[in-house]
Amino acid sequence: MSTTTTRWRRRTVTPADRAGTLRAASFTAVAGAVLFTVMLVGVLTHTGAQRLDAPVEAWFDAHRTPAAVGFMVFLAVVFGPTGMPIIVAVVTVAWAIARREVWRPVLLASGMLLGVATAEVLAPIVRHPRPPIGEMMLQVDHSFSFPSGHVLGTSDFFLLAAWLIGSRLGRPWLLRTLFAAAAVMVALQIVSRLFLGYHWLTDTLGSVGLSLLIVSLAVSIDVVLTTRVGERAVAADPEPDPPLEIGRARS
């Protein structure tokens with residue numbers, strides 16, 4: 001007889017920690033919605049934040065250096081439409097096998113898929129043209145530019161991974177460090193897209209706002225489904241509570 005169990009790991013948190021995390025996720029979602037809306041309105045009306053697009057593009061055009069090209073291209077390729085799906089697939093499978101769990105890898109992959117689907121739906125609706133072809137340093141791209149798929153994917157991946165790892169370690173300072181590292185990666189991707197001439201500032205910042213919404217939703221779902229309230233917080237790693245069984249097959 002063999003038993004196959006699909007499971008996620010539950011952790012015990014204090015009532016204050018659980019409420020505080022959900023409150024922070026709500027605030028982050030609101031901030032993301034505001035940022036996304038401001039950028040979108042600017043793009044659609046050619047006012048507000050959109051007026052910064054041309055000056056910022058001109059600044060990057062004037063400050064391009066050969067030494068930085070290779071690194072910017074690396075970021076564009078690794079976290080682009082070819083590299084990122086490979087990274088997500090490898091991380092998801094390796095995580096599920098190494099940790100013998102399903103929930104966190106699946107939530108990470110689901111967040112990424114939601115980001116891709118949202119970008120694919122929004123782009124042809126907003127129809128924001130890219131910078132002039134002459135500014136593009138790699139191949140010509142005639143697709144629409146709002147939102148930036150590169151920035152959205154990078155932001156979703158690193159922010160959500162930071163939460164899914166750091167929230168289980170029981171060390172707030174480490175979670176903050178992981179979020180800070182994720183923010184650095186997002187900033188580098190923004191610079192890369194502007195440097196290489198494929199996006200406007202509003203495209204990249206709108207993507208960050210959209211990502212904050214997606215990550216906040218994922219964090220809220222994670223907290224609601226995988227935590228239980230207790231008087232003493234117990235980290236899920238490295239000594240998890242007994243797994244919550246959500247399915248069992250016998251043969």
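1. The largest pocket holds about 850 Å³ of space. The model is a predicted one. The lining of this pocket counts 35 residues. Nearest the centre of the pocket lie Gly80, Pro81, Thr82, Gly149 and His150.

2. Which helices each supply at least two residues of that lining? They are H3 (66-78), H4 (83-99), H5 (103-126) and H6 (149-166). H5 gives the most, with nine residues. By class, the lining of the largest pocket has 20 nonpolar, 10 polar and five charged residues.

3. H5 also packs against H4. The axes of H4 and H5 are 8 Å apart, and the packing angle is about 165°. H4 is therefore roughly antiparallel to H5, since an angle over 145 degrees counts as such. The crossing of these two helices is left-handed.

4. The residues of the H4 and H5 contact can be picked out in the model. On the H4 side are Met84, Val88, Val91, Thr92, Trp95, Ala96 and Arg99. In H5, Arg104, Pro105, Leu108, Ala109 and Met112 meet them. The contact of H4 with H5 comprises nine nonpolar residues, one polar and two charged.

5. H5 has a further partner in H8. The axes of H5 and H8 (residues 201-226) come within 10 Å. They cross at roughly 150°, so H5 and H8 are roughly antiparallel to each other. What is the hand of the crossing where H5 passes H8? H5 passes H8 in a right-handed crossing.

6. From H5, the contact with H8 uses Trp103, Leu107, Gly111, Leu114, Gly115, Thr118 and Leu122. From H8 come Leu210, Ile214, Leu217, Ala218, Ile221, Asp222, Leu225 and Thr226. Sorted by class, the contact of H5 with H8 has 10 nonpolar, four polar and one charged residues.

7. Two backbone points deserve a look. Which residues does a cis peptide bond join? Phe146 and Pro147 are the pair, and omega is about 0°. Pro147 sits in the loop between H5 and H6. H5 and H6 each supply at least two residues of the lining of the largest pocket.

8. The other point is His46. Its phi is positive, about 60°, although His46 is not a glycine. Where is His46 found? His46 is in the loop between H1 (15-45) and H2 (53-62).

Key
Residues are numbered from 1 along each chain as its sequence is written. This is a predicted model: local features need pLDDT of at least 70, side-chain atom pairs count only at pLDDT 80 or more; totals for chains, interfaces and linings use all residues. Side-chain values use heavy atoms; hydrogens and water are left out. On a 1 Å grid over the protein atoms alone, a cavity is a set of points where a 1.4 Å probe fits but cannot get out, and a pocket is an open set with protein on both sides within 12 Å along at least five of seven lines; lining residues have an atom within 4 Å of a point. Grid points are joined across faces, edges and corners, and a volume is the space filled by probe spheres set on the points. Helices (H or I, at least four residues) and strands (E, at least two) are DSSP runs, numbered from the N terminus. Ala, Val, Leu, Ile, Met, Phe, Trp, Tyr, Cys and Pro count as nonpolar, Asp, Glu, Lys and Arg as charged, and the others, Gly among them, as polar. Axes are lines fitted to C-alpha atoms, for helices over the stretch in contact, and angles run from 0 to 180 degrees between N-to-C directions. Angles under 35 degrees count as roughly parallel, over 145 as roughly antiparallel, 65 to 115 as roughly perpendicular and the rest as oblique. A crossing is left-handed if the near helix is turned anticlockwise from the far one by less than a right angle, and right-handed if clockwise. Contact means heavy atoms within 4.5 Å.
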